[in-house]
Structures are given as structure tokens and as C-alpha cells.
Amino acid sequence: ESELVKGNDYNIEVVNNLIDQYATNIAKDVAERNYTFEKCAIISAGDLLHSLTGYTEKGTMLECDVLREEQFEEGFNCLQRFITRMLEIFGEVEVHSTKGNHSAADWILFKTLECAFNTNKNISFNNYKARTSIFRIKNTAILLDHGESDFIKAKVPTSDIGRESYVQNKFLELGDTVGKGIKSRIFIQGD
């Protein structure tokens with residue numbers, strides 16, 4: 001309830017203030033470090049847009065305050081503001097986004113953001129069409145998984161052994177795409 005756009009005085013102005021406050025805190029933390037950053041990585045694990053239609057891809061009805069164009073526009077404006085603030089702080093930004101199970105709208109949202117920033121050579125977008133993707137930042141392989149499939153009943157296992165086995169298999173399956181010299185691995189799950 002506290003995250004609804006119109007509920008409990010939570011609105012886009014509040015979101016913009018939170019983005020600015022978060023960016024100010026990040027800028028302060030960066031300034032206090034005794035080293036510099038080459039770039040900032042922004043990672044989205046899906047379902048940023050709850051559902052443009054009010055239903056998930058599998059037909060589950062969702063509670064939404066805003067739908068369709070209004071939801072897309074508000075999501076776009078908030079993310080554009082956040083990315084712009086990170087560009088101001090770090091000078092270079094790398095965006096990685098995977099789709100969720102609520103709708104294909106997240107992929108469209110990040111593709112639209114990529115078009116909006118297409119003249120800025122200090123930002124790159126990696127918009128994955130699958131729920132699971134792998135990429136590399138320096139010598140770290142990052143496995144990004146939304147967690148739940150959009151069309152079939154499949155998700156990351158919740159038991160420790162099942163989840164560990166799933167993650168290990170995904171790293172083995174996709175690991176060659178990131179190249180040699182990996183010294184650490186990170187798993188990020190959404191949903």
C-alpha cells in the first residue's frame with residue numbers, strides 16, 4: 001500500500017524527491033572514498049512497470065493505481081531522472097535490464113530509455129529479452145535472473161540446495177559468454 005502511486009500521499013513528486021535524496025547520498029559516499037570509480041552499473045531485475053494492462057502475462061489480475069500510458073510515462077520519467085543523476089555523479093553509466101513476469105513493458109521501457117540517451121556516449125544499455133542473463137564487470141561475472149517466468153510455471157527454487165544448484169547450472173550454462181579471468185561471481189534475483 002505504501003508503494004502505490006496515489007496511496008498514502010505517495011506520488012511522483014515524492015518519488016522524484018527520493019531519487020534526488022538517494023543521488024545526493026551516493027554523491028556524498030563517492031566523495032568520501034579515497035579512490036575513483038570508472039562507471040556506475042544500474043541493474044534492473046524486472047517488474048518495474050507493474051502491468052500496463054492490469055494483468056500479468058499469464059493473466060493474473062494485479063492491483064494498479066495507474067495503467068497504460070500514464071504508468072509508462074511515470075516510469076520513464078523517474079528512470080530518466082535516476083540515470084541522469086548517476087551520469088552526473090559517475091560520468092559513465094552501464095545499464096543492464098532483464099524482463100519480468102508481469103509484462104513485456106519493462107523491455108520496451110528500457111529500449112525507450114536507450115533511444116532517449118542515444119546521443120550520450122557515456123551510457124550503454126544492455127536490454128535482455130530473457131528472464132536470465134549474464135554479464136561481466138571487470139573480473140566479476142554477474143548472473144541476473146528475474147526469478148519467475150513470464151509464460152510458464154518456472155521460478156528460481158526457494159530451498160537452499162535447489163537454489164544453489166540452479167545458480168551453479170546457470171553459471172555453467174551461460175558462463176562462457178563472459179570470457180576468461182573471472183575471479184568472483186554474483187547472483188542477483190528480482191521478483
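**Close-up views of rings and strands**

View 1. The model is predicted, so to speak of local features requires pLDDT of at least 70 and side-chain atom pairs count only at pLDDT 80 or more, while totals for chains, interfaces and linings use all residues. Residues are numbered from 1 along each chain as its sequence is written, and side-chain values use heavy atoms, with hydrogens and water left out.

**View 2. Aromatic pairs.** The structure holds five aromatic pairs. One of them joins Tyr 35 and Phe 37, whose rings are tilted, with 5.3 Å from centre to centre and 55° between the planes. Another, between Tyr 128 and Phe 135, is stacked, with centres 6.3 Å apart and planes at 10°. Rings of Phe, Tyr and Trp (its six-membered ring) pair if their centres lie within 6.5 Å, and planes under 30 degrees apart count as stacked, over 60 as edge-to-face and the rest as tilted. Tyr 128 and Phe 135 are both buried, whereas Tyr 35 and Phe 37 belong, together with Phe 90, to one aromatic cluster.

**View 3. A charge over a ring.** Arg 185 lies over the face of Phe 171, at 4.7 Å from the ring centre; the criterion is that NZ of Lys or CZ of Arg is within 6 Å of the ring centre and within 35 degrees of the ring normal.

**View 4. The covered strand E5.** In strand E5 (residues 140–145), six of the six residues are buried. In a regular strand the side chains alternate between the two faces of the sheet. In E5 both faces are covered, with Thr 140, Ile 142 and Leu 144 on one side and Ala 141, Leu 143 and Asp 145 on the other. Strands (E, at least two residues) and helices (H or I, at least four) are DSSP runs, numbered from the N terminus.

**View 5. The neighbours of E5.** Strand E4 (residues 132–137) pairs with E5 in the antiparallel sense over six bridges, where two strands pair if DSSP finds at least two bridges between them. Arg 136 stands opposite Ala 141 in E5, and in the hairpin of E4 and E5, with two residues between the strands, Lys 138 takes a positive phi near 55°. Strand E6 (residues 184–189) runs parallel to E5 and is joined to it by six bridges, and Gln 189 in E6 is the bridge partner of Asp 145.

Key
Buried < 20%, exposed > 50% of the residue type's maximum accessible area, 1.4 Å probe, protein only.
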